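Please keep the sequence and the structure in view while reading.

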Amino acid sequence: MLVKKSGFVTIFGAPNAGKSTLLNALLNFNLSVVNKKVQTTRDRILGILTEENYQIVFIDTPGILEPKYELQKFMLKEIKSSLEEADLIIHIIDAAKINLDKLKKIDEEFKDQIRNKKRIIVLNKVDLVTKANLLPVMNKISENFGYDDTVPVSAAKCENLETLKYVILKYLPEGEFFFSKDTLTNKPEKFFVSEIIREKILTYYHEEIPYSIIVNVTEFKERSENLIFINADIIVERESQKIIIIGKGGSGLKKLGNKSRLEIEKFLGKKVYLELFVKIRKDWRNNKRFIRDYKTGDAS
Ligand SMILES: Nc1nc2c(ncn2[C@@H]2O[C@H](COP(=O)(O)OP(=O)(O)OP(=O)(O)O)[C@@H](O)[C@H]2O)c(=O)[nH]1
Ligand SMILES: [Mg+2]
């Protein structure tokens with residue numbers, strides 16, 4: 001009889017280490033949004049890889065951070081609960097910016113969540129470093145930290161991912177699948193639509209703007225077989241931010257709408273009619289109830 005393996009693999013690490021890039025590369029699908037700015041991911045996102053004899057349920061998480069406001073407290077909770085759920089933890093670090101003291105601090109901070117867990121350290125972005133520089137740090141990590149395995153990869157260039165999969169499978173427990181074979185994620189399509197719009201805001205707006213917004217898809221309707229009608233609210237904290245988002249004569253919002261629509265069409269594989277509205281909700285990032293209502297409303 002075919003032995004099946006299945007389990008939860010949490011992808012964990014500092015902001016910008018490449019967690020979402022790695023998830024997408026392993027799934028071979030652009031599920032989780034990626035951006036060169038930090039704090040791109042705000043929620044835990046499942047990405048499920050199913051083959052004949054295994055099912056790996058990856059959990060992408062927000063980058064580790066010191067929470068300064070309620071939204072970030074929510075993000076930290078998402079990280080901690082994702083670690084607790086894990087059968088295996090992938091701690092991903094940027095190979096071009098290795099800091100062993102920081103690594104020690106992280107181990108200490110999350111000791112309650114990582115205790116007794118199998119852990120792999122993934123050195124990402126190896127396309128940016130030379131082997132000669134990498135090997136001594138890899139040795140140091142193996143000698144001084146309690147990881148079960150070390151795997152260098154380049155998530156962006158899809159390098160060494162087969163090795164990583166092989167190592168993951170080594171630690172994955174035997175068991176029946178958790179999800180049906182064709183399930184890719186736990187989040188509804190409209191969640192990814194709001195993520196794509198937020199990612200475009202990260203790309204086209206600066207300073208505090210991307211961190212002051214939340215995107216809420218209020219309507220998601222299939223008008224015909226090939227056309228989806230989407231309404232989304234971009235919620236800001238202040239009038240001045242609303243003015244910046246809208247831009248001169250509405251030019252900012254128009255550009256944002258066009259760029260988002262193209263990406264959403266690619267994601268859904270259908271034509272999209274997208275309408276964006278900007279709304280103000282004063283100081284929402286510190287409003288626990290607002291965050292809970294919005295964030296848990298997205299999850300399945
Ligand atoms: N050169 C190089 N860049 C990479 C690699 N993997 C990811 N990146 C880049 O690193 C940046 C951050 O990638 P993300 O996947 O958004 O990182 P993250 O860890 O999910 O970030 P947060 O969600 O903000 O915590 C993006 O600009 C990626 O294109 C890699 O292997 N090589
Ligand atoms: Mg991310």
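## Terms and model

In this report, Ala, Val, Leu, Ile, Met, Phe, Trp, Tyr, Cys and Pro count as nonpolar, while Asp, Glu, Lys and Arg count as charged. The others, Gly among them, count as polar. The model is predicted.

## The largest pocket

The largest pocket holds about 610 Å³ of space. It is lined by 24 residues, and those closest to its centre are A14, P15, I64, K102 and I106. By class, the lining of the largest pocket consists of 12 nonpolar, five polar and seven charged residues.

Which elements give two or more residues to this lining? They are β4 (88-94) and α3 (100-109). Helix α3 supplies the largest share, with five residues.

## The sheet of six strands

Six strands form an open sheet, and their order is β2-β3-β1-β4-β5-β6. The pairing in this sheet is mixed. At the edges stand β2 (45-51) and β6 (149-152); each has a single partner strand, so one side of each is left without a neighbour in the sheet. On average, neighbouring strands are turned by 25° against each other, direction ignored.

Within this sheet, β4 and strand β5 (residues 118-124) run parallel and are joined by seven bridges. One pair of bridge partners is I89 and R119, the latter in β5. Helix α3, which also contributes to the lining of the largest pocket, packs on the sheet and touches β1 (5-13), β4 and β5. The direction of α3 makes about 150° with that of β4.

## The sheet of three strands

Another open sheet has three strands in the order β7-β8-β9, again with mixed pairing. Its edge strands are β7 (214-224) and β9 (271-280), each of which pairs on one side only. From one strand to the next, the twist averages 15°.

Strand β8 (residues 227-236) runs parallel to β9, and 10 bridges join the two. Residue I235 stands opposite K279, which belongs to β9. Helix α8 (residues 239-246) packs on this sheet and touches β8 and β9. The direction of α8 makes about 150° with that of β9. Helix α7 (residues 189-204) lies across β7, β8 and β9 and runs at about 125° to β7.

## A contact between two helices

On the side of α1, the contact involves L22, A25 and L26. These residues meet L161, L164 and K165 in α6. The residues of this contact divide into five nonpolar, no polar and one charged.

Methods: Residues numbered from 1 in each chain as written. Chains lettered and ligands numbered in written order. Predicted model: local features only at pLDDT ≥ 70, side-chain atom pairs only at ≥ 80, totals over all residues. Heavy atoms only, no water. Contact = heavy atoms within 4.5 Å. Helix = DSSP H or I, 4+ residues; strand = E, 2+ residues; numbered from the N terminus. 1 Å grid on protein atoms, 1.4 Å probe; cavity = no way out; pocket = protein on both sides within 12 Å on 5 of 7 lines; lining within 4 Å. Points joined across faces, edges and corners; volume = space filled by probe spheres on them. Pairing = 2+ DSSP bridges. Axes fitted to C-alpha atoms, helices over the stretch in contact; angles between N-to-C directions.
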